[in-house]
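Subject: Structure handover

Hello,

Here is the structure you will be working with.

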Amino acid sequence: MKKATAIIAALGLLLSLAACAPAEHTRSFFAMDTYMELRAQAPEEVLARTEELIRSMESQLSVTLPGSDIYSLNETGSARVSDRTLALCRRALEICGETDGALDITVYPALRAWGFTTGSYRVPGPEELAALSPLVDYKSVALEGGTVTLPRGAMLDLGAVAKGAAGDAAAELLRQSGVKSGLVNLGGSVTCIGSKPDGSDWRVAVRDPVGQGYAAVLSVSDVSVVTSGGYERFFEEGGITYWHILDPKTLAPARSGLISVTVVGPDATRCDGLSTALFVMGAEKAAEFWRRSGDFEMLLITREGKIIITRALAERAEYRSGYGEELEVLSRD
Ligand code: ADP
Ligand code: MG
């Protein structure tokens, strides 16, 4: 008798919980040059506001949109920017320092020379790149009050952290609106809020960097998963592939032996900055960097298709389409 009452009470509780959670909605749109998708147990209006927020961040951070904070800064060399832009500059500069310039948010003049900003791709000559090299130095960016100032000719680009920052802001807005379960997928930058409505982990796919489909699927909750890959934006000339992640030391596409870097951690902005930086560093330096840090996990894919993954993440990974046969699991000891 007692047992039956307990079961009925438990069922009642479950039913009332289910009744409390709003229905799940999805919303997809194109922003920051990528296809984005929001999914959450929230009214549609909340997702609409989240899209608005991402669009407003794009209009402040875009390097190609006239009138954005960054566009104005690059045009004049000095500009007052929004608090949000300023905070992101500050955070990005921290990561530039921490990664010893593997991330460098002043690499933009070189990115432009390669045509990555316009799609009119070309291979600049060594003299041209050498001439641009004095302009690339994140240490030359001055933040004072609400104003950012650059040396003459230098340019800023927050493209390596913008989607992560948008992911953090979107997730924060959703959480503040009471969302307990949701997924913010900003094309290569995924932020999980809680777990799936049924309580199981979200399954986040890591794209196969050379073929179709997935290289791995990660079962995670309440973290961000950000991937940088040489396949996101690239062109081919004379049988050589050139991609949009540049090594700030050479101003040429980073050829570190990695073709995909996924960083998993609590902060999407940091994951985004690190995924770009670790791509530039290559496997060995990335492993050293990870051993010194305590706040992220990573999955690296080498040009040969080998997977290098940190131990805690390995326990949450399944491999697809021929990956995982060659596998190295990193541990701290
Ligand atoms: P995606 O935006 O394609 O997901 P990333 O997060 O890796 O990929 O960011 C790549 C963007 O960052 C480039 O499009 C460019 O704007 C910028 N970028 C490229 N190389 C660097 C670098 N070494 N440091 C900082 N920013 C970079
Ligand atoms: Mg990045």
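Predicted model: local features only at pLDDT ≥ 70, side-chain atom pairs only at ≥ 80, totals over all residues.

Ligand site

The shell around ligand 1 has 18 residues, and the nearest of them are D157, S228, H244, L246 and T276. Sorted by class, nine residues of that shell are nonpolar, four are polar and five are charged. Helix α8, residues 268-281, is the largest contributor to the shell, with three residues.

The side chain of D157 has an N or O atom 2.5 Å from an oxygen atom of ligand 1. For the side chain of K163, the corresponding distance to an oxygen atom of ligand 1 is 3.0 Å. At L246 the backbone takes part: one of its polar atoms is 2.8 Å from a nitrogen atom of the ligand. On its own, ligand 1 would expose 570 Å², and the protein buries 94% of that area.

Helix α8

The N-terminal end of α8 is capped by D267, with a side-chain oxygen 3.1 Å from the backbone nitrogen of T269. Just past the other end, G282 has a positive phi of about 90°.

Helix α7

Helix α7 covers residues 162-176; its 15 residues should span 21 Å at 1.5 Å a residue, and this agrees with the 21 Å between its end C-alpha atoms. Of those 15 residues, 11 are buried. Among the buried ones are K163, whose side chain also makes the 3.0 Å approach to ligand 1 described above, and A162, G164, L173 and L174. What do the buried residues of α7 pack against? Their partners are the strands β2 (34-41), β6 (182-185) and β7 (189-193), together with the helices α2 (44-61), α4 (83-98) and α8. After α7 comes G178, which has a positive phi near 95°.

T99

T99 sits in the loop that joins α4 to α5 (108-113). Is T99 buried or exposed? Its relative accessibility is 5%, and because buried means under 20%, T99 counts as buried. A polar atom of the T99 side chain lies 2.8 Å from the backbone oxygen of I95. Beyond its neighbours within four places in sequence, T99 is in contact with L274, A277, M281 and F289.

Backbone angles to check

Most residues other than glycine have a negative phi. D222, which is not a glycine, has a positive phi of about 55°. D222 belongs to the loop between β9 (214-220) and β10 (224-229), and with 45% relative accessibility it counts as partly exposed. S321, also a residue other than glycine, has a positive phi near 40°. S321 lies in the loop between β18 (317-319) and β19 (327-330), and its relative accessibility of 44% makes it partly exposed.

Regards

Note on methods: Residues numbered from 1 in each chain as written. Chains lettered and ligands numbered in written order. Heavy atoms only, no water. Near = heavy atom within 4 Å. Polar contact = N/O pair within 3.5 Å; in protein donor to acceptor, adjacent residues only side chain to side chain. Areas by Shrake-Rupley, 256 points an atom, 1.4 Å probe, with all protein chains shown as cover. Helix = DSSP H or I, 4+ residues; strand = E, 2+ residues; numbered from the N terminus. Nonpolar A, V, L, I, M, F, W, Y, C, P; charged D, E, K, R; others polar. Expected span 1.5 Å × (residues − 1). Buried < 20%, exposed > 50% of the residue type's maximum accessible area, 1.4 Å probe, protein only. Contact = heavy atoms within 4.5 Å.
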